[in-house]
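Student: Please pick one part of this structure and take me through it closely. I'd like the charged side chains first, and then whatever surrounds them in the fold.

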Amino acid sequence: VHLVESGGGLVQPGGSLRLSCAASGFTFSRYAMSWYRQAPGKERELVAAISSRGGSTNYADSMKGRFTISRDNAKNTVYLQMNSLKPEDTAVYFCNARREYGLGFSDYWGQGTQVTVSS
C-alpha cells in the first residue's frame with residue numbers, strides 16, 4: 001500500500017496550492033479519503049474528508065470556504081485545493097485512507113508534504 005502526497009511548498013499569504021495524493025495497493029474506490037495536517041508542536045488535525053464515491057465531504061470549520069477536497073477514482077487520486085492560505089495553515093499535510101468493516105477497519109497514511117505559508 002502506498003499513499004504519496006505531492007504539491008506542497010512555499011506560498012505567500014493569500015496564495016493557493018493544490019495537493020495531490022496518489023494511491024496504490026488497495027481498492028481506492030472503496031475507501032473514504034481524508035487530509036490531515038500537523039503543525040510543529042501541535043496534534044494532527046482533520047482538514048477535510050470525502051466519501052468513497054465522492055458524494056459527501058466534510059471540512060474543519062477553519063477550512064470551510066477556503067479548501068476543497070475532491071477525488072478521481074479512475075486515477076486513484078485525492079486532491080486538496082487550498083485557497084486564501086494563511087500563515088497558520090503552515091503544517092505537514094497527510095493523506096489518509098480508511099475503510100470500516102463491521103467492528104474493524106483498514107487505515108493507511110502517506111508520508112506527508114510540507115506546506116509553508118510565509119511572506
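**Charged pairs, then the sheet and the sulfur link**

Tutor: The count comes to 6 salt bridges, where a salt bridge means a side-chain nitrogen of Lys or Arg within 4 Å of a carboxyl oxygen of Asp or Glu. Before we zoom in, keep in mind that this is a predicted model: local features need pLDDT of at least 70, side-chain atom pairs count only at pLDDT 80 or more, and totals for chains, interfaces and linings use all residues. Residues are numbered from 1 along each chain as its sequence is written, and side-chain values use heavy atoms, with hydrogens and water left out.

Side chains of opposite charge can pair when their charged atoms come close. Start with Arg37, which forms a salt bridge with Glu45, with 2.7 Å between the closest N and O atoms. As for accessibility, buried means under 20% relative accessible area, exposed means over 50%, and partly exposed is in between (1.4 Å probe, protein chains only). Glu45 has 35% and is therefore partly exposed, while Arg37 has 6%, so Arg37 is buried.

Arg37 has another partner: Asp89 forms a salt bridge with Arg37, and here the closest N and O atoms are 2.9 Å apart. That pair links distant parts of the chain, since Asp89 sits in the loop between β8 and β9 and Arg37 in strand β4 (residues 32-38), 52 residues apart. The strand labels come from DSSP: helices (H or I, at least four residues) and strands (E, at least two) are DSSP runs, numbered from the N terminus. With a relative accessible area of 0%, Asp89 is buried.

Now follow Asp89 to Arg66: these two form a salt bridge as well, with the closest N and O atoms 2.7 Å apart. Again distant parts of the chain are linked, because Arg66 is in the loop between β6 (57-59) and β7 (67-72), 23 residues from Asp89. Both Asp89 and Arg66 are buried.

Strands of a sheet pair through backbone hydrogen bonds, either parallel or antiparallel. Here two strands count as paired if DSSP finds at least two bridges between them. An open sheet of 4 strands runs in the order β1-β3-β8-β7, with antiparallel pairing. Its edge strands are β1 and β7, each pairing on one side only. Ignoring direction, neighbouring strands of this sheet are turned by 15° against each other on average; the axes behind that are lines fitted to C-alpha atoms, for helices over the stretch in contact, and angles run from 0 to 180 degrees between N-to-C directions.

Walk across that sheet: strand β1 (residues 2-6) joins β3 through 5 bridges, with Leu3 opposite Ala23 in β3. Next, β3 and strand β8 (residues 77-82) pair over 6 bridges, and Arg18 stands opposite Gln81 in β8. Then β7 and β8 pair over 6 bridges, with Asp72 opposite Thr77 in β8.

Last stop, the sulfurs. A search of the whole structure finds 1 disulfide, meaning a pair of cysteine sulfur atoms within 2.5 Å. The partners are Cys21 and Cys95, with their sulfur atoms 2.1 Å apart, and at -85° about the S-S bond the link is left-handed. Cys21 lies in strand β3 (residues 17-24) and Cys95 in strand β9 (residues 91-101), so the pair ties together parts that are 74 residues apart in sequence. Cys21 is buried at 0% relative accessibility, and Cys95 counts as buried at 0%.
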